Amino acid sequence: MRGQPKGWQRRAVVALRLVLFGLCAPMSTRAQSLSVSGSPPAMKVTTAAAGSAPTAVTDASTTYSTRTTGSTTKKITVQLNSNMPTGITLRVALAATTGATTLGAVTLTTTAQDAVTNITNTNSQTKAITYTLSATLAAGVVTSSTRTITFTLAAYP
Amino acid sequence: MKVTRLVAAAALIGAAQQVQAQTATQTVTFQVDPINQVGVTGTPSLLINAAVPGSAPTSVTSTGNTWAVTTNQTAAKITGSIASNMPTGVTLSANLGAPSGATSAGLKSLSTVAVDLVTTITKLNASGLSLAYQLDATAAAGVVTSSTRVVTFTITGGT
């Protein structure tokens, strides 16, 4: 019979709707998350002490926020969309959330690398992102260029 | 049928919570400007106070001064000049040792017109390079009381 659903079927549908609501609603408060506070301002290597290599520049104006579900331990990896020009190095350091471990300044490449591991905080925490741009003299003059850095919250280990 | 669909949806949501990876991106804009820096150490003092009988006054030199350079360009050069010319019959000269790959012009007299001292400096940093001054005077210059000149070294970027 494909007419009106029977009583037990209606009850089952209601029960499942409640289950779905129960699954979806907590996602807004329990789900893992990762976000960043925009992009840093342009970084320029402009000077050097006479007789020394160019002076590296740093920027710590941006932050990231993250949390986990609590049932799993996470890490954040960092990766460039394309490698830096020869002689130019871009490093990023992510301050660790409570209980997590930072890997310090990581030299960015197109290979994903761990920046923070052992992330377990279930409440969102906001921490600093510090970039360092350095250049060798052999790199010469480099016109304005951009790279996209992807931060990924992934399972750890 | 409706129950089946709901169960499937619930399963998918549950699975998504387990496996989803969160990502975020930033864009970094960077550049390296032309960098040309020159520096010197030492405050030389030069005094001519003797001569060999029958000869011009004996020239004096000041060594132990140094200079340093950084450039990320090709074929940069160092010039030297003084703010006001030396008294008539008195000559102040400078001799800069060249860093690797560059060329020193040797001992060059200084005036208010900038003169090349080292050329073809390319993408390097070097310090502790030799810097010597020499003071010459003719007998006609006579006695010259203590005077000073500021020597300005300028690095001009190449390409």
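What share of the contacts in chain A with a separation of 6 or more comes from residues 24 or more positions apart?

1. Contacts along the chains. In chain A the share is 73%. A contact here means that the C-beta atoms of two residues, placed from the backbone, lie within 7 Å. For chain B, 76% of the contacts between residues at least 6 apart in sequence join residues at least 24 apart.

2. Basis of the note. This is a predicted model, in which local features need pLDDT of at least 70 and side-chain atom pairs count only at pLDDT 80 or more, while totals for chains, interfaces and linings use all residues. Residues are numbered from 1 along each chain as its sequence is written, and chains are lettered from A and ligands numbered from 1 in the order in which they are written.

3. Confidence. The predictor assigns the complex an ipTM of 0.80 and a pTM of 0.80. pLDDT is the predictor's confidence in each residue, on a scale from 0 to 100. Chain A has a mean pLDDT of 87, with 81% of its residues at 70 or more. Chain B averages 90, and 87% of its residues score at least 70.

4. Secondary structure. Helices (H or I, at least four residues) and strands (E, at least two) are DSSP runs, numbered from the N terminus. Chain A has two helices and ten strands, in the order α-α-β-β-β-β-β-β-β-β-β-β.

5. Six strands make an open sheet in the order 2(A)-1(B)-10(A)-4(A)-8(A)-6(A), with mixed pairing. Two strands count as paired if DSSP finds at least two bridges between them. At the edges are strand 2 (43-45) and strand 6 (101-102) of chain A, each pairing on one side only. Within this chain, strand 4 (residues 74-80) and strand 8 (residues 113-119) of chain A are antiparallel and share four bridges. A:Thr77 is placed opposite A:Asp114 of strand 8 of chain A.

6. The five-stranded sheet of chain A. This open sheet has the order 1-3-9-5-7 and antiparallel pairing. Strand 1 (33-36) and strand 7 (106-107) of chain A are its edges; each has a single partner strand, so one side of each is left without a neighbour in the sheet. Strand 5 and strand 7 of chain A run antiparallel and are joined by two bridges, and A:Val92 stands opposite A:Val106 in strand 7.

7. Pairing in chain B. Strand 4 (residues 76-82) of chain B is joined to strand 8 (residues 115-121) of chain B by four bridges, antiparallel; B:Ala76 stands opposite B:Ile121 of strand 8. Strand 4 of chain B also pairs with strand 10 (residues 151-156) of chain B, antiparallel, over six bridges, where B:Lys77 has B:Thr156 as its bridge partner. Strand 8 of chain B pairs in the antiparallel sense with strand 6 (residues 103-104) of chain B over two bridges, with B:Thr103 and B:Thr119 as bridge partners.

8. Burial. A residue is buried if 20 or more other C-beta atoms lie within 10 Å of its own, exposed if 12 or fewer, and partly exposed in between, with C-beta atoms placed from the backbone. Of the 157 residues of chain A, 24% are buried; for the 159 residues of chain B the figure is 24%.

9. Nonpolar cores. A nonpolar core is a set of buried Ala, Val, Leu, Ile, Met, Phe, Trp, Tyr and Cys residues joined through C-beta atoms within 7 Å. The largest has 28 residues, of which A:Ile76, A:Leu90, A:Val92, A:Leu94, A:Val116 and A:Ile149 touch the most other members. Strand 5 (88-94) of chain A is among the elements giving two or more residues, as is strand 1 (22-32) of chain B. Strand 5 of chain A gives the most, five residues. Apart from this core lies another of 22 residues, including B:Val69, B:Leu110, B:Ala126 and B:Leu131.
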